[in-house]
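Dear colleague,

I am handing over a structure that will be new to you, and my notes on it follow below. Please look through the sequence and the model first, and then read on.

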Amino acid sequence: MSDGATGTSPDALAAGCAPALRIDGDLTVYTAGEWHARLAAAVGASAEQAALIDLSRITEIDTAGLQLLLVAKRAAAARHRPFALLAPSPCARELLRLLGLGHLICEAVPGEPEAPAGARP
């Protein structure tokens with residue numbers, strides 16, 4: 001499935017690109033202010049590269065955190081930048097899939113070896 005802005009799949013976006021931002025820890029109502037500024041800066045950084053957000057180190061995410069990710073996706077689309085969520089942690093993956101946003105997931109983190117076919121983190 002494509003990212004909606006460019007018609008490119010999330011896995012293809014990540015090929016040869018570094019994440020614009022890696023989110024460590026919680027992405028919740030309690031940390032929303034801190035992460036909002038960082039996400040805005042990451043999405044607004046370079047119009048020539050994909051906005052790739054690494055979710056592999058998220059320990060907790062709630063609807064406020066999800067809202068921040070969707071705002072970042074909308075901002076990337078407004079700048080005609082591809083957008084993908086890289087290697088979400090189990091809690092982030094579960095929330096994204098539950099809410100029908102699994103198409104935004106990119107399984108591999110750029111710069112790391114790819115897992116064997118069929119393997120799950």
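**Two positive phi values**

A87 lies in the loop between strand 3 and helix 4 (90-98), where helices (H or I, at least four residues) and strands (E, at least two) are DSSP runs numbered from the N terminus. Its phi is near 40°, a positive value in a residue other than glycine. Most residues other than glycine have a negative phi. A87 counts as buried because its relative accessibility is 11%, where buried means under 20% relative accessible area, exposed over 50%, and partly exposed in between (1.4 Å probe, protein chains only). H80, which is not a glycine either, has a positive phi of about 60° and lies in the loop between helix 3 (63-78) and strand 3 (83-86).

**How the model should be read**

This is a predicted model, in which local features need a pLDDT of at least 70 and side-chain atom pairs count only at pLDDT 80 or more, while totals for chains, interfaces and linings use all residues. Residues are numbered from 1 along each chain as its sequence is written, and side-chain values use heavy atoms, with hydrogens and water left out.

The pLDDT, which is the predictor's confidence in each residue on a scale from 0 to 100, averages 78 over the protein, and 72% of the residues score at least 70. Among the elements, strand 1 has the highest mean pLDDT (94) and helix 1 (residues 10-14) the lowest (48). Over residues 1-9 the pLDDT is below 50, and this stretch has 19 contacts in the model beyond near neighbours in sequence, a contact being heavy atoms within 4.5 Å. Residues 109-121 also have a pLDDT below 50, with 14 contacts counted beyond near neighbours in sequence.

**Helix 3**

Helix 3 has 16 residues and reaches 22 Å from its first C-alpha to its last, close to the 22 Å expected at 1.5 Å a residue; the expected span is 1.5 Å times one less than the number of residues. At the N-terminal end, D62 caps the helix, with a side-chain oxygen 3.0 Å from the backbone nitrogen of A64. The term behind this is the polar contact, a pair of N or O atoms within 3.5 Å, where within protein one atom must be able to donate a hydrogen and the other to accept it, and residues adjacent in sequence count only if both atoms are side-chain atoms. Just after helix 3 comes H80 with its positive phi of about 60°.

The buried residues of helix 3 are A64, G65, L66, L68, L69, A72 and A76, and they pack against strand 1, helix 2, strand 2, strand 3 and helix 4. A76 has a relative accessible area of 0% and is therefore buried. Leaving aside neighbours within four places in sequence, A76 is in contact with V43, A51, R81 and F83. The C-alpha atoms of A76 and A50 are separated by 8.4 Å, although the two residues are 26 apart along the chain.

**Salt bridges and cysteines**

The structure holds three salt bridges, each being a side-chain nitrogen of Lys or Arg within 4 Å of a carboxyl oxygen of Asp or Glu. In one of them, the side chains of D54 and R22 meet at 2.7 Å, N to O. D54 lies in strand 2 (residues 51-61) and R22 in strand 1 (residues 21-27), so this pair ties together parts that are 32 residues apart in sequence. D54 is buried, with a relative accessible area of 0%, whereas R22 counts as partly exposed at 30%.

D24 and R57 meet in a salt bridge at 3.6 Å, N to O, and this pair links D24 in strand 1 with R57 in strand 2, 33 residues apart. Both are partly exposed, D24 at 40% and R57 at 45%. E34 forms a salt bridge with R38, the closest N and O atoms being 3.4 Å apart; these two residues both lie in helix 2 (residues 32-44), four residues apart, about one turn of the helix.

There are zero disulfides, a disulfide being a pair of cysteine sulfur atoms within 2.5 Å. C91 counts as partly exposed at 26% relative accessibility, and C106 as buried at 1%.

With best wishes
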